[in-house]
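Q: I would like to go through this structure before planning my reading of it. Could we start with the terms and then look at the details?

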Amino acid sequence: MAVHYRTKGFILKKTDRKESDRIFSIFTYDFGRLEITGKAIRKINSKLKSGIDIFYLSDIKFIRGKNNKTLTDASIIKRNDNIICDFEKLKIAYRIANILDDFIKGQEKDHKIWDLVEEIFEKLNSRQFKVNNRQLIYYCFFWNLLSVLGYRPELQKCADCHDKLNPYNIYFSDKEGGIICNKCLQKDNNAKKINSDVAKILRLFLKKDWQTISKLKVEPFSQGLLKAISNNYSQFIMPKEN
């Protein structure tokens, strides 16, 4: 016998199946990440399609069968139109969805992650950030997600020897889980040299100082460093497939 459930969730991905079905990847408040099938939802007369779509926040009802979950009802809580109608914001939203998909593989209820996702979509949907600073929303999400998952980097002192950092001679070490000093560099030859601007930006991210972040002027060189250490750290701690 099927069991009925109700929750709210952010629609992160959708994939067409068969002639008229669609599978939604949804990060929900009560169950974490779920995959739910909308049966015949792509048909013109489907009553479900108006209440659920990519990056909506929706109230959803579903039944849990033996092998899958099937959508029975959906209604819009928030459309996030400023994301959906802006190509650059849409790309950032997809990046957020992908990183969640990479790190959250199974059903995992976590209200800290829910709060973070809700906050990030609110910021991305707002008009607070200038075009040049929108990518910082993604990186803020990335570093805070990893922190919630137990990978918070050490940014205030050397991650290895715990000495005070010299802002002019610092490195980010995936192995040590944060910034290290020059004398500890021999313990991780793959550590990447960064500058004090990147260190300050990372600290602002973890404080979620949105007012300051929205007004930052980040030089191209520092943008490149931020991208590089984010990608490297992601690959280093990425859950490995069995």
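A: A definition comes first: helices (H or I, at least four residues) and strands (E, at least two) are DSSP runs, numbered from the N terminus. In those terms, Ala40 is placed in the loop between β3 and β4 (57-64). Please note that the model is predicted.

Q: How accessible is Ala40?
A: Ala40 has 26% relative accessibility and therefore counts as partly exposed, since buried means under 20% and exposed over 50%.

Q: Where is Asn80, and what is its phi?
A: Asn80 is in the loop between β5 (69-78) and α1. Its phi is near 55°, again a positive value in a residue other than glycine.

Q: Is Asn80 buried or exposed?
A: Asn80 counts as buried, because its relative accessibility is 3%.

Q: Let us step back to the whole chain. How many helices and strands does it have?
A: The protein chain has 7 helices and 8 strands. Its C-alpha atoms fill a box of roughly 65 × 40 × 30 Å along the principal axes.

Q: What percentage of the residues is buried?
A: Of the 242 residues of the protein chain, 49% count as buried. As for contacts between residues at least 6 apart in sequence, 59% join residues at least 24 apart.

Q: Now the helices. What span should α2 have, and what does the model show?
A: Helix α2 covers residues 87-103, and at 1.5 Å a residue its 17 residues should span 24 Å. The end C-alpha atoms of α2 are 25 Å apart, which agrees.

Q: What is at the start of α2?
A: A side-chain oxygen of Asp86 comes to within 3.1 Å of the backbone nitrogen of Glu88 there.

Q: Which residues of α2 are buried, and what do they pack against?
A: The buried residues of α2 include Leu90, Ile92, Ala93, Ile96, Ala97, Ile99, Leu100 and Phe103. Lys89 and Asp101 are also buried in α2. The buried residues of α2 pack against two strands, β1 (3-17) and β3 (32-38), and against the helices α1 (81-84), α3 (111-125), α4 (135-151) and α7 (220-237).

Q: Why might one look for a spacing of three or four in such a list?
A: An α-helix has 3.6 residues a turn, so residues three or four places apart point the same way.

Q: How do α4 and α7 cross?
A: Their axes come within 12 Å and cross at roughly 30°. That makes α4 roughly parallel to α7, and the crossing is left-handed.

Q: Which residues meet there?
A: Leu136, Tyr139, Phe142, Trp143, Leu146 and Tyr151 in α4 meet a set in α7 that includes Leu226, Ile229, Tyr233 and Ile237.

Q: What about α5 against α7?
A: The axes of helix α5 (residues 196-207) and α7 come within 9 Å and cross at roughly 60°. The two helices are therefore oblique to each other, and their crossing is right-handed. Asp197, Val198, Ile201, Leu202 and Phe205 in α5 meet Ser222, Leu225, Leu226 and Ile229 in α7.

Q: On to strand β1. What does Thr7 join through its side chain?
A: Thr7 lies in strand β1, and a polar contact of 2.6 Å joins its side chain to that of Asp30. Thr7 is buried, with a relative accessible area of 4%. Its contacts beyond four places in sequence include Thr28, Phe31, Ser58 and Ile60.

Q: And Tyr5: which residue makes a polar contact with it?
A: Tyr5 is in strand β1 as well, and its side chain makes a polar contact of 3.4 Å with that of Arg64. Tyr5 is partly exposed, at a relative accessible area of 24%.

Q: How far is Tyr5 from Phe62?
A: Tyr5 and Phe62 are 57 residues apart in sequence, and their C-alpha atoms are 5.4 Å apart in space. Phe62 is one of the residues that Tyr5 touches, along with Phe31, Ile60, Lys61 and Arg64.

Methods: Residues numbered from 1 in each chain as written. Predicted model: local features only at pLDDT ≥ 70, side-chain atom pairs only at ≥ 80, totals over all residues. Heavy atoms only, no water. Expected span 1.5 Å × (residues − 1). Buried < 20%, exposed > 50% of the residue type's maximum accessible area, 1.4 Å probe, protein only. Contact = heavy atoms within 4.5 Å. Polar contact = N/O pair within 3.5 Å; in protein donor to acceptor, adjacent residues only side chain to side chain. Axes fitted to C-alpha atoms, helices over the stretch in contact; angles between N-to-C directions. Parallel < 35°, antiparallel > 145°, perpendicular 65-115°, else oblique. Left-handed = near helix turned anticlockwise from the far one by under 90°.
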